[in-house]
Each structure stands twice: as structure tokens, then as C-alpha cells.
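Please examine the sequence and the structure shown below. The briefing that follows is arranged by topic.

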Amino acid sequence: MTLLDGKKLSNEIQEEIALEVKKMKDRGEKVPHLAAIIVGSDGASLTYVNAKVEACKRVGFESSEYRMSSNTSEVELLAKIEELNNNDKIDGFIVQLPLPPQINTQKVLLAVSPDKDVDGFHPTNFGKMSLDMTSFIPATPFGILEMLERYNIPTKGKHTCVIGRSYIVGRPMSILMGREGFPGNSTVTLTHEFTKNITQITSQADIIIIAVGIPNFLKAEMVKDDAVVIDVGITRVPDETKPRGYRISGDVDFENVSKKVSYITPVPGGVGPMTIAMLLKNTLLARETHRTRSKELKTN
């Protein structure tokens, strides 16, 4: 069994990005600028945004953080989004999810300019991704692809089972694993809460990508020998024996499943760090796109 070390890979990618940023600085160019809007004080969201800010510092990006109270209205949030859309200094920004109940998440995601949508959630980017056109790929699926590629895990002709159909992970992952090229060219089954006989499907899969938010959902008897398992789940499970009163658990029964498989991601330290690295990669892509467009406008 090989552990898919997302932390190590993420550090390697960030070093590569830092090198690109240094070249930009040496050429006297503007460095990428990533911004984040966070509404409310959800603990996990704050931790995630702080990790993004720290990552920006590490690679030499500029970063901005906009904190808004949990009683922020939808109108106020949309006004802030419009402000960032029109701010030429910012190359990409994210609106940290989840949002408070008074705000329509769909309306918010639609308001973000596709050119600055480094989370890859806007329908324009999602549509381009589905058509194999250049676009921002959602950071978590992008991180999984990068992991499969860098560990050189074969995907051509393999049966990939995706568990979970969210627009953040499951749905894009099912499209990306079935596309032409590597990683891709696999036969994909997308499963969800209403799938019957799910064990019958998972036990035939060569690659399982799970993102359902149910701790230890995937058991050893649901997985065939030598399968590849990518665990996207991350849940705080109450545990009085831990100093913080909880432990972090993935969607996979790691202790038992890891004994059967060829590759598996740990939680934490697997997919999570890759998500941040690919968000930075998307922001670098956004800066390059904006620079090229600005150059073309000046030429014309």
C-alpha cells in the first residue's frame, strides 16, 4: 500500500509556483493577487481561509481577506462581489462556503466573474470544463487529478466509482475522469444517497473517489483488493480523549480499507492540502490570462 501524501505534493507544487512568481518579480511584472470573502464565523471556514492566506505568503502572492458578519444581507454580499469583480488589482477571489441561510448560494456563485472564479464554480467555467476547454477546474477535483498524475496511477480503461454528486467534488470528478487524456479515459459510475446495491458497484471499481461527509462510510468489504481510494471527506467527530474534544475523520474506514488497497489518501494530509495548492495554481493561471489580455488590448 502506498500512501498518497497530499502534504508533500502540495509543498512541491507551491515551490514550483513560488519559482514562477520569482520570475514575474524579476521581469517587473505584477504578482498574482488572491482574495477571499468570508461571511460569519464558522470555525472550519476560518481555518481554511487562514491556511489560504498563509499559502499566499509562502509562494509570494498578494492576498486580501474580507470578513463580513453572519447577519450580512444578500444585497451587501453581492455588492462586495461586484466591487472585487471590478478591482483590477485582484486576479481571483473565492467566496468561502457555506453561507448563512439568508443568502442564496447559487445567486452568489453566479455573481462572481468567470474570469476571477478561481474556485471553478461558475456555470461558464463548469461548462467549459465539461467540453474539455481551458477553464478553472474546481480546486479539489483539480488536486485529485494532479495527485493521480504525479503518482502515475493508471486511469485509462479503469472503472472509477465516484461516491457523492456535489457540484464541488462529485459531479466535476465524474466528468474529468471520463474525459480524454490522462488522468481520464476511465469508465465512470456516479453514485449517491439513492444508489441501490452500492457495495456491488464499489467492489468492482478500480478507483474509488468518495466525498459524502459520512465518517467511515466506505468499509473494507466494499472495496476490492488493490483498488485506489481517494478520500475527500473531512468531519469533526466528537472525541473526549482528544485535547480539542474532537478528532478528524474521513469518509473511509482507513484502518481496515488501507490493508486491502494499492493507494489511499490519509485524512488529514491527503486531498485537503492539494485543494489549497490548486487554488493557487488557478490564481496563477488567472494572472497569466489577465496579463495576456491586457497586452493584447494595448497592442490593438
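**Cis peptide bonds and other local features**

Pro98 is located in the loop between strand 4 and helix 4, where helices (H or I, at least four residues) and strands (E, at least two) are DSSP runs, numbered from the N terminus. The peptide bond that leads from Leu97 to Pro98 is cis, with omega near 5°. This is a predicted model, in which local features need pLDDT of at least 70 and side-chain atom pairs count only at pLDDT 80 or more, while totals for chains, interfaces and linings use all residues. Residues are numbered from 1 along each chain as its sequence is written, and side-chain values use heavy atoms, with hydrogens and water left out.

**A further cis bond and positive phi angles**

- The peptide bond from Phe182 to Pro183 is also cis, with omega near -5°; Pro183 belongs to the loop between helix 7 (170-178) and strand 6 (187-191).
- Asn185 is found in the loop between helix 7 and strand 6, and its phi is positive, near 55°, although Asn185 is a residue other than glycine.
- Asn185 counts as partly exposed because its relative accessibility is 33% (buried means under 20% relative accessible area, exposed over 50%, partly exposed in between, with a 1.4 Å probe and protein chains only).
- Asp132, in the loop between helix 5 (123-130) and helix 6 (139-150), is not a glycine but has a positive phi of about 65°.
- Asp132 has a relative accessibility of 48%, so it counts as partly exposed.

**Asn104**

- Asn104 lies in the loop between strand 4 (92-95) and helix 4 (105-111).
- The side chain of Asn104 reaches the backbone nitrogen of Lys107 at 3.1 Å.
- Asn104 counts as partly exposed because its relative accessibility is 37%.
- Between Asn104 and Gly233 there are 129 residues of separation in sequence and 24 Å in space, C-alpha to C-alpha.

**Cysteines**

- The structure holds zero disulfides, a disulfide being a pair of cysteine sulfur atoms within 2.5 Å.
- Cys56 counts as buried because its relative accessibility is 1%.
- Cys161 has 0% relative accessibility and therefore counts as buried.

**Start of the chain**

- Met1 is placed in the segment before strand 1 (2-3).
- Met1 is exposed because its relative accessible area is 55%.

**Annotated span**

- An unreviewed UniProt entry gives residues 4-119 the annotation "domain: Tetrahydrofolate dehydrogenase/cyclohydrolase catalytic"; such annotations may be inferred rather than shown by experiment.
- The span of residues 4-119 is 49% helix and 16% strand, and its end C-alpha atoms lie 23 Å apart.

Technical notes: A polar contact is a pair of N or O atoms within 3.5 Å; within protein, one must be able to donate a hydrogen and the other to accept it, and residues adjacent in sequence count only if both atoms are side-chain atoms.
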